[in-house]
Amino acid sequence: MPRPTFALALLIGCVGLGTACSRSKPAAPSELTPAPQPPSAEASPAGFALRGPWQFRQVPEPAAPGRPAAAPGDWSPAHVPGCVHTDLLADGQIPDPFFGQNEQALQWIAERDWEYQTHFTGEAVGLSRERVELVFDGLDTYASVSLNGTAILAADNMYRQWRVSLKPWLQPGQNTLSIRFRSPLREGQAALQRLGYALPAANDRGDPPLSMFTRKAPYHFGWDWGPRFVTSGIWRPVRVEAWDAARITDLHVLTTALSDERAELSLEATVEATLAAPARLEVGLAGSAPIASTEATLVPGTNLVRTSLRIEHPERWWPNGLGAPHLYTLEASLSQHGVLRATRQVRVGLRTLEVVHRPDADGKTFSVLVNGAPVFMKGANYIPQDSFLPRVGRERYEQLLRSVAAAHMNMLRVWGGGVYEDDRFYELCDELGILVWQDFMFACSLYPSDAAFLENVAAEARQAVQRLRNHASLALWAGNNEMEWAWRDWGWRQRFSDAQRAQVAAGSVRLFQELLPQIVATEDPGRFYTRSSPSANDDAIPANQLGSGDMHYWGVWHSQEPYEKYADNVSRFMSEYGFQSFPELSTIARYAAPSDFRLDSEVMLAHQRHPRGNQLIAAYLERDFRAPRDFDSFSYLSQVLQATVIQFAAEAHRRRMGYNGGSLYWQLDDCWPVASWSSIDYFGRWKALHFYARRFFAPVLASTSEERGRLRVYGISDRRTESPVRLALRTLDFEGRVLFARSLELSLEANASKVYFEAALDEVLGGRPPREVVFVAELFEGAQRLSRSLHYFAKTKDLELPDPELQLERGTPEAGHTELQLRARRLARAVRLTSPGSEDSFSDNYFDLLPGEAIQLEYRGAAPQKIEVRSLRDSY
Ligand code: BMA
């Protein structure tokens, strides 16, 4: 490849719109267009997808005293899968719910009932087959389904798949399918009345909160990072499945033994049959001859057919960073009298995984062993990517999860206030080596525990476990988010009478200590279950205690402790800790007009859901940074602050690997454009934190820390083998004078954190005041730098930062990218590149440059018109 020529370029200065991400933007809410409408029923291996045309309308309000019943409204085009809000938006009936303060004006939608309908012919969906079933992968939520005017199904749980036979009602020629959704708020109100007392929900914005009565994503009701849009709709695909004789509806694969020589697997096929008849099940690797088979006599109804198989010299599945996440595709075929009836594939990864959660001298451990070895978990908490989930397509899943893998994460926690995610999410986690901590969908609330509720939850949990259990990425199940902690520490118990308290407590035990763990034990034997996050799974040990179990440490942020406290609050697994920032100005400009670019404008407050969020950011900024000169500088500095704070925490966690099993920051992503704890914003743009995460989660990390007046340099390695490396240490002033230098050849211990250098501060300061120098610790393997740790001895606001005289040179644009060279004459802190008006990205961003340093970067996208570069000094 010819080297690009560099033309001297522009630069310097700051301010402007920016973007810092590595993916293109998803369809903006305001740009939604109705999807093309395919023919009414479309064949697919899974059945006939009912893609429409669909229509929807508001159900007229019934007559009330003094008000006659309204006439039905007109039908409007709908998109399935979809929901009411996006259908109203696409039809031009409402403005963009995410813009400005539109959210407030759209609350009426949740109080109404809505109706959807479509038509299809009986012939198209397989009228003449023995069995014809209508399958909804998701109905959100209270739905009455009728075919040709006859009620055929009542649904009341967004998380469940619903299946009903169409056979008795399906007619030749045209059929009309209609679905009525009742307002979840009205249903919740009725459930509250039946219960007779209110239940608390920390984040539900309703008064009274009603979210706990409905098996629907809790964050729809509002959260401290999300709007309140209590939507309804056919949110996952709907299809007709038509079949004869027998079919395979599920395969469950368990690894029963695994060594380098062989893997032993057991496979259980769920087979549905219409008649009693013998059948043969054959199983093998897809595309190869079968390696196992079994004969079974099927009975009408559901049959479980089991076989076992062996794979010689298996390739293991490894988490991101430790090896390839190898996957095998198995195929099962079912035949009867030599006639092939059905085939089904399943993808599995061969690995062992154990969550070690047992008492020790310090309390109770919480760590993960993969393939027999401890693996430190690095990652984040995942929330749903949109308030309106059906618009999260494959592309957004891929972009987000590739960003996760790029930041060297190996675990995501699917947090309990959202949904059991789409299959594509788990498939990508399998492919990228990202382990999944899967919460059941209960968060920050207390829930009813009547028989109907528990039965509904049991059906939901069984389906979720069966759907996800084959994924190599699935590491563990957790009963709920923060309910054990809340019950003890959030003042909830005091709200109840003795009888109510006893009822709520017993319900919680029933749900999280009996029902859910029993379902996991039966449907997904061997997978670890923790009753809550955080928890030590021990009645004698309070949840969220240092030393035992996982921990959500919120002293920093919620309790306003200085961020240095992260180092004193390392428990056995840090499953949550977080700090907010604003997104880039280009994202803010998608929801606010320039006249609203103030911290206290109503729009800015509407897009900050933590009651004290903006004040907290400003207060923490004041501790460490000089006052920002304008709003863009504020958003930029808020990101630098967030990244600095979370880097501090994550490194403190990694330094204690062994004692601590993992570090998952709160939160990876956003469900709308907002100021929040995320490291990637709604449009997929990386905030400063995500660039920092790619550095602080690197497999080999140099980490510098001041401890009791001494400077320590840790070498942290996630590698499975020890590595010969060179540790290069320097102290520089901001002009580049070397005040201290040392080079150490060492063997970096495998899978460990160790101090490799330690000195009194005076020894490394080189006689200069702390505010004038930077300490640089770098780990090299041959010529390759594995990690660089920069340590400043004074608060950022006290550093005398010189003008770095940044110089940017651009190469000739090539297909889809342009090479850049950036040089700093003097120290440059938190350098940010932006390309105003473009959605494209830079290969790196938000980094420090040492005096005299030049680096190569890549701009990804069509040739940039303009590139702006700023550093910290330009923010005040
Ligand atoms: C955690 C989460 C969320 C919440 C976040 C920030 O505890 O579980 O409920 O959004 O804190 O407050």
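**Notes on the model**

1. The backbone oxygen of A536 lies 3.3 Å from a polar atom of the H357 side chain, a pair that falls under the definition of a polar contact, namely N or O atoms within 3.5 Å, where within protein one must be able to donate a hydrogen and the other to accept it, and residues adjacent in sequence count only if both atoms are side-chain atoms. The side chains of H357 and N537 are also joined by a polar contact, of 3.1 Å. H357 itself sits in the loop between strand 22 (353-356) and strand 23 (359-360), where helices (H or I, at least four residues) and strands (E, at least two) are DSSP runs numbered from the N terminus.

2. Before going further, please keep in mind that this is a predicted model, in which local features need pLDDT of at least 70 and side-chain atom pairs count only at pLDDT 80 or more, while totals for chains, interfaces and linings use all residues. Residues are numbered from 1 along each chain as its sequence is written, and side-chain values use heavy atoms, with hydrogens and water left out.

3. Is H357 buried or exposed? H357 counts as buried because its relative accessibility is 14%, and buried means under 20% relative accessible area, exposed over 50% and partly exposed in between (1.4 Å probe, protein chains only). Not counting residues up to four places away in sequence, H357 touches K364, T365, F366, F528, S535, A536, N537 and G549, with contact meaning heavy atoms within 4.5 Å.

4. Phi of N537 is near 50°, a positive value in a residue other than glycine, and N537 is placed in the loop between strand 31 (528-530) and strand 32 (550-552). With a relative accessibility of 21%, N537 counts as partly exposed.

5. N148 also has a phi near 50°, again a positive value in a residue other than glycine. N148 belongs to the loop between strand 8 and strand 9 (150-156) and is partly exposed, with a relative accessible area of 27%.

6. One runs from D140 to T141, with omega near -10°, and T141 lies in the loop between strand 7 (131-136) and strand 8 (142-147). Another joins W666 and Q667, with omega about 15°, and Q667 is in the loop between strand 34 and helix 13 (688-696).

7. W666 also belongs to the set of residues around the ligand, which comprises W223, D224, W225, W415, C444, N481, E482, W554, H558, E576, W666 and W677; a residue is taken as near a molecule if one of its heavy atoms lies within 4 Å of it. By class, this shell has seven nonpolar, two polar and three charged residues, where Ala, Val, Leu, Ile, Met, Phe, Trp, Tyr, Cys and Pro count as nonpolar, Asp, Glu, Lys and Arg as charged, and the others, Gly among them, as polar.

8. The protein covers 96% of the 300 Å² of accessible area that the ligand has on its own, with areas taken from the Shrake-Rupley method with a 1.4 Å probe, and with only the protein chains shown counting as cover for residues.

9. Strand 27 (residues 377-382) is largely enclosed by the rest of the structure, because six of its six residues are buried. Strand 27 pairs in the parallel sense over four bridges with strand 34 (residues 662-665), and likewise in the parallel sense over four bridges with strand 28 (residues 411-414); strands are said to pair if DSSP finds at least two bridges between them. G379 has L664 as its bridge partner in strand 34 and stands opposite M411 in strand 28.

10. N456, in helix 6 (residues 451-468), counts as buried at 8% relative accessibility. A polar contact of 3.3 Å joins the side chains of N456 and D156.
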